[in-house]
Amino acid sequence: MSRGSPPITVCVAKRPEEAPTLRVHWVRRDPLAYKGWGLHAWGDAVPTDWSRPLAPSGSSPDGAPYWDVPLKPRAAWAGFKLHRGDDLAAAEERFELRPGANEAWLVGSEAGARAARPEPSPLPAGDLSGSYAHWLERGVIAWRVATADAGGGGGGGGGGGGATAPAPRSFCLHFSPDASLRVTARGVEGAARTIPLAAAAPALSAALAAKWPHLAGCAALAVPRDLWDEIPELLRGQLAVSAADAAGAPLDATGVQLPGVIDGLFATDAPLGANWRPDRGVWEVALWAPTAASVELLHWRAARGGGGGEAHAMLRGGDGVWRFEAPADWDRTYYKYRLSVFCPRSNEILTVESTDPYSKCTAANGERTLLVNLSDADLAPPGWRQGRGWGEGGPRRLEGWTDVSVYELHIRDFSASDPSVPQQLRGKYRAFCPQHIDAARAAASDAAAADAAASDAAASGAQPPAGGASHGLAHLRALAKAGLTHVHLLPSYDFGSVPEREEEQLRVEEDLSRHPPDGEQQQAAVAAVADRDAYNWGYDPVHYGVPEGSYSTAPDGPVRVLEYREMVASLHSLGLRVVADVVYNHTFAAGPGAPFAVLDSCVPGYYHRRHEGGAVCQSTCCNNTAAEHAMMGRLMRDDAAHWVAEYGIDGLRFDIMGHHLLGDVLAVRDAVNAAAAPSPSAAPSSSAAAPSSSAPLPPYLYGEAWDFGEVALNARGLNASQLNAGGTGLGAFNDRMRDGAMGGSPFEPPDTQGFGDADAQLRTLLARTDWVRFALAGNLRDFELVTADGRPTLGRRAVYHGTPPLAYGVQPCENVVYCGCHDNETIFDQVTLKAAASAGPEARARMARLALALVTLSQGVPFVHAADDLLRSKSLDRDSYNSGDHFNRIDWTGRDNNFGVGLPPASKNRHSWPLKRPLLAAAAAYKPGPDAIASTAAFFRALLRVRYSSPLLRLPTAEAVRRQVAFGNTGPGQTPGVIVMVVSSAEGGEGGGESGGGVRDPNWSCVVAVFNARPEPWRGPYPPGVPSLELHPALRGLAAAAGCGADGGAREVAVAARAAAVFVAPRA
């Protein structure tokens, strides 16, 4: 380069900066035990979805995997854990990231990561905090482990190639009667006995894999036959299974799950609980506890006090039942059990105290079990019929399950805010009983007390109705008169989330009405006492067979038994059957030392469903039970029959029914049907009046048939899910109607719209309108409809949220149709979240009425949440299970619907406060007045009268629905937002019944229901072949039906904006 020449600029392309990563290693003793595990990351790591963990990025020469975890810019820490499904291994909650240090090592199942590679030789050869081995029957233990070292094959663990022949591994069962087992680098130590096991086959037999499908592919380890007689003793201590390589070096060890072998040895039909034996004049007390080393009965004379009680040794039987005979004078005294038993959660022999799983009554808060004979005369209300509890004037006869209609009600909600109920009965069973309301009023101690009660009622503008009834009872009586058949009571068994003695309950002391409609103060005050007040939905079962004590005026002693029966008898006298909400899918507590862990204290690790690694499944929110285990299934059957036989219950609603296997639910139905069947013992006494009508149908069973969690897709066997229950006659909640009518789902934004708001986008609106049509037609998989794409489509082939089937039912009685229930927002609150801001109170009331009409007029079983017919609001609360009386208030007088009483509790709603706050702030613009509420209530009663006026709206079979139900205004050319359902009478059928020709209506040749979700009136032609139509008599003169009618000259029907109407074709 010459002097003065311009400089030469050389441009070098900069290499893209690599995204920062953290390499996470995992080290185990067994090189073949890594298959199927993934990594979940959070913190400053790029987060992963639990259902899609990171797969290994690679592996070291010895087969140990590692994950290169992407980090966010300027990452300071990361959390990560290893899991296979819901089974967990090693984890690190917070790994601090340092410059130049980008590796971490996880070891076995340890909590916490190491910053340097550990030496493998001192690592423990296994971990007893998990229980990956499963003793399924006397001769077989299953474990997902390789049965041979790498070389030429192996069992369930897979792994390794190579040209050498596989070298078989060795396995042992270890036993310690005092829970002294521990794992070191040398293997399992502290065993009193060590028994060799043989790898009987590379995997479980087909029969065992069918019974335990989640264990398919596990190795089968054979238990020596000469050990079988000793198994009962082994089950009373700590057990572990270990694996060693071909050279004898320890590789792994784990605890053992026992339900399979326990069922094979100890499942029994022997009487359990405390039972009075009049022939011998003794109480027989029996507890099933096959794994307990010892059991004592602790006895007290009173509900409280008495120190630790008098201890009495119980005798163990060969069936695993411990028994004790108590003298007659122990009647109405109290007891508990004290057990010495191994607990797999803590790997200890524990001494625990527990009440009886078969308790019939307890002291308050379930503290002690009461010895009580439920047949005692003083525990039966006048006229009580043992078996069904029906007295004179009981429920009318039902011909089929499609005659059922359900009104869902929380016992405390019914009366806690009703000023016409005396204060001492509010929130109690006896608030359903007119005789006790009368007595409480008459028992006012002085004029001042009477004046105070009158003032309380007058302050709300609601004087008590005449005749002793409360406003709530008057409302139920009117619904029953209109046709309602069943009241569904939210959990009424003994639950653990409410203190039962009133003196132990906290209360909100301030006047919350002084705060603004969108205030945070109300929910803060409610939250401050929420876990110690009188309110909870009660999905926290402790004693399945005991009435909840917080609803009783005397929670200590047997009064709750009498009061529960009085409540049922009172509802029966109104003409209403009673459904009990049962929560057999989980318990409130499990584990050592938990005060409400009744089942898990008696047989630890047995009653609950556990993941393959031993942790209790909690997909239902709590501690999932396992009715597929014989004695949990028996408890469920016994308890359900107990409620029918002893309390006159007429139906069961299964919480999360899909978490039970279908066969177990059907077995419950068989037990319930047997308990409900007439028998000599169920006949009324000489002083009891005979019922005025018979009820041949057994109790109706229905539930939440959702398919999720560890049972999804039949992972534990054929479960009672929507897709499996068709054809059984079990009712299943139809979320297709809910999502189609109201929009979205509980898992989508709350303002997602549906048919009920015809402002929705057209394509979505038309698709969801078809969802509603299929639901109106019984949700039948074989019902055919011309869908929005113009094609005739069967329900099972139509699409719901992107996948088929839309309709899954086989019979219409399986279709439990709803738009609102205790879960999620009320109908009015859903409408408020979804409607246009310009929609005023009347428009919103109309939308709510439309939803009620869709439910009530569907083929199947309509289900309505209490006071949705009064436009009930929970101030937009999406989950009011613990929101107190304030947010759950019902005003049966219809003066106020409870909208705008503050922002809903932050615990479940804070994420949606930005959407809900402005709506509540504008409560005055949206809140319905008394006239709109009264009009909605009157309309719902009219809908019930319509439903029960014609058998065409209660078709009993799928064949009748397919032949007699049709829809107009379908396909791509339809008027959006309008559904026209035509149900024709089968002229060859019997009046009101079904024959080969179908169902015939003796009064009308067809019924036409029109649902207009449009913001303007709609007119449409008569269906083809229908000579004349008129508005149904039950709707004439109703404010909610104004603008609806039939024009014979033009042969058209007219339906007002956002309204539903029913037209009938009179017979000549």
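Helix 20 (residues 913–921) has four buried residues, Trp 913, Lys 916, Leu 919 and Leu 920, where buried means under 20% relative accessible area, exposed over 50% and partly exposed in between, with a 1.4 Å probe and protein chains only. Seen down the axis of helix 20, these buried residues fall within an arc of 135 degrees, so they line one face of the helix; the arc is that of the directions from the helix axis to the C-beta atoms. The model is predicted, so local features need pLDDT of at least 70 and side-chain atom pairs count only at pLDDT 80 or more, whereas totals for chains, interfaces and linings use all residues. Residues are numbered from 1 along each chain as its sequence is written, and side-chain values use heavy atoms, with hydrogens and water left out.

**Confidence**

- The protein chain averages a pLDDT of 92, and 91% of the residues score at least 70, pLDDT being the predictor's confidence in each residue, from 0 to 100.
- Over residues 152–162 the pLDDT stays under 50, and the model has 27 contacts for them beyond four places in sequence, a contact being heavy atoms within 4.5 Å.
- Residues 680–695 also have a pLDDT below 50, with 19 contacts in the model beyond near neighbours in sequence.
- Where pLDDT is low, the predicted coordinates should not be read in detail.

**Helix packing and a buried aspartate**

- The buried residues of helix 20 pack against helix 8 (521–529), helix 16 (827–834), helix 19 (906–909) and helix 21 (923–926); helices (H or I, at least four residues) and strands (E, at least two) are DSSP runs, numbered from the N terminus.
- Asp 770 lies in helix 15 (residues 762–776) and counts as buried at 5% relative accessibility.
- Leaving aside residues up to four places away in sequence, Asp 770 touches Leu 785, Val 786, Thr 787, Ala 788 and Leu 806.

**Backbone features in loops**

- The peptide bond from Pro 804 to Pro 805 is cis, with omega near 0 degrees, and Pro 805 lies in the loop between strand 37 (792–794) and strand 38 (815–817).
- Asn 347, although not a glycine, has a positive phi of about 55 degrees; it is found in the loop between strand 23 (334–343) and strand 24 (348–354) and is partly exposed, with a relative accessible area of 22%.
- Ile 656 likewise has a positive phi, near 45 degrees, in the loop between strand 33 (651–654) and helix 12 (662–676), and counts as buried at 9% relative accessibility.

**Second largest pocket**

- About 1200 Å³ of space lies in the second largest pocket; on a 1 Å grid over the protein atoms alone, a pocket is an open set of points with protein on both sides within 12 Å along at least five of seven lines, while a cavity is a set of points where a 1.4 Å probe fits but cannot get out, and lining residues have an atom within 4 Å of a point.
- Of the 46 residues that line this pocket, Arg 412, Ala 416, Ser 417, Asp 885 and His 886 are the closest to its centre.
- Helix 6 (447–459), helix 8 and helix 18 (884–888) each supply at least two residues of the lining.

**Largest cavity**

- The largest cavity has a volume of about 190 Å³, a volume being the space filled by probe spheres set on grid points that are joined across faces, edges and corners.
- Among the 19 residues that line the largest cavity, Val 256, Leu 258, Phe 342, Pro 344 and Pro 604 lie nearest its centre.
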